[in-house]
Amino acid sequence: MRTFITLALIAGCATLFANGNSDKATAKTRVSIYAPITIVKTADLDFGAIVMDGFTGGSVDISENSGIPTYTDCAALSGSKARQPQLAVFHVRFDKDLAWSRSATVATVDGCTYSPVEMSPLTPCVLNGTYDGKDFTDKDGTNKEHFLVGGKLTIPANTFGEKTGTLEVTVAYN
């Protein structure tokens with residue numbers, strides 16, 4: 001009988017504790033998911049082949065979307081070694097609901113001073129595929145633009161030969 005009373009008390013207490021010892025509520029969940037921003041390059045910047053007017057230095061400025069250079073104390077080389085200037089071409093894919101910015105963060109040309117100029121975005125950008133190992137295919141919820149980068153190359157006195165450098169453009173969401 002004692003066991004029966006003890007079990008009855010335990011069962012009664014369990015019912016009492018269950019009603020006041022636990023409770024629950026719910027919360028809504030939310031996340032905003034945006035597409036990654038992606039940039040690819042399809043053309044390098046090339047100031048072309050130039051011949052200096054003298055030994056005092058000069059400059060080549062390609063700062064317009066037209067890609068037509070302005071030469072100071074130098075000129076485009078003619079003949080078999082001639083090479084036409086080419087603006088760098090970059091393409092960016094971004095989430096259609098986000099604003100983004102771009103900047104040339106690193107710009108060098110061996111032995112010269114290079115000041116990059118970023119030109120206005122051009123639309124539409126129809127580039128679609130894989131470039132430099134990056135997936136640049138069309139994706140729902142994204143837009144694409146492309147833009148050109150040129151700039152001014154200042155050549156010091158007595159500087160000759162093939163010169164190379166780096167142009168790095170960074171794109172980021174604002």
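Helices in this report are DSSP runs of H or I with at least four residues, and strands are DSSP runs of E with at least two, each kind numbered from the N terminus. The model is a predicted one, in which local features need pLDDT of at least 70 and side-chain atom pairs count only at pLDDT 80 or more, whereas totals for chains, interfaces and linings use all residues. Residues are numbered from 1 along each chain as its sequence is written, and side-chain values use heavy atoms, with hydrogens and water left out.

**Overall architecture**

The protein chain contains one helix and twelve strands, and read along the sequence these follow the pattern α-β-β-β-β-β-β-β-β-β-β-β-β. Of its 174 residues, 29% count as buried, where buried stands for under 20% relative accessible area, exposed for over 50% and partly exposed for the range in between (1.4 Å probe, protein chains only).

**Aromatic contacts**

Rings of Phe, Tyr and Trp (its six-membered ring) are paired if their centres lie within 6.5 Å, and the planes are called stacked under 30 degrees, edge-to-face over 60 degrees and tilted for the rest. A search of the whole structure finds five aromatic pairs. One of them joins Phe47 and Tyr114 in an edge-to-face arrangement, with 5.7 Å from centre to centre and 80 degrees between the planes. This pair links distant parts of the chain, since Phe47 belongs to the loop between strand 1 (38–43) and strand 2 (50–52) while Tyr114 belongs to strand 8 (residues 113–118), 67 residues apart. Phe47 and Tyr114 are both buried.

The pair of Phe94 and Trp100 is tilted because the ring centres are 5.3 Å apart and the planes stand at 40 degrees. Phe94 is buried, with a relative accessible area of 7%, and Trp100 counts as buried at 16% relative accessibility. Phe94 and Trp100 belong to one aromatic cluster together with Phe90 and Phe147.

**Cysteines**

How many disulfides does the structure hold? With a disulfide taken as a pair of cysteine sulfur atoms within 2.5 Å, the structure holds zero. Cys74 counts as buried because its relative accessibility is 6%, and Cys112 counts as buried at 16% relative accessibility.

**The largest pocket**

A pocket is an open set of points on a 1 Å grid over the protein atoms alone, where a 1.4 Å probe fits and protein lies on both sides within 12 Å along at least five of seven lines, and lining residues have an atom within 4 Å of a point. The largest pocket holds about 770 Å³ of space. It is lined by 32 residues, of which Asp46, Phe47, Gly48, Arg83 and Lys163 are the closest to its centre. The elements that give two or more residues to this lining are strand 1, strand 2, strand 6 (88–95), strand 7 (100–109), strand 11 (142–155) and strand 12 (165–173). By residue type, the lining of the largest pocket divides into 18 nonpolar, seven polar and seven charged residues.

**Pairs distant in sequence**

Ile155, in strand 11, counts as buried because its relative accessibility is 8%. Thr56, in the loop between strand 2 and strand 3 (58–62), is exposed, with a relative accessible area of 66%. Tyr173, in strand 12, counts as partly exposed at 28% relative accessibility. The table gives pairs that involve these residues.

| Residues | Separation in sequence | C-alpha to C-alpha distance |
|---|---|---|
| Ile155 and Met52 | 103 residues | 9.3 Å |
| Thr56 and Ile155 | 99 residues | 8.8 Å |
| Tyr173 and Phe94 | 79 residues | 8.5 Å |

**Backbone points to check**

Most residues other than glycine have a negative phi. Asp73, in the loop between strand 4 (70–72) and strand 5 (74–76), has a positive phi near 60 degrees, and at 42% relative accessibility this Asp73 counts as partly exposed. Asp132, in the loop between strand 9 (130–131) and strand 10 (134–135), has a positive phi near 50 degrees, and Asp132 counts as exposed because its relative accessibility is 60%.

Terms used: Points joined across faces, edges and corners; volume = space filled by probe spheres on them. Nonpolar A, V, L, I, M, F, W, Y, C, P; charged D, E, K, R; others polar.
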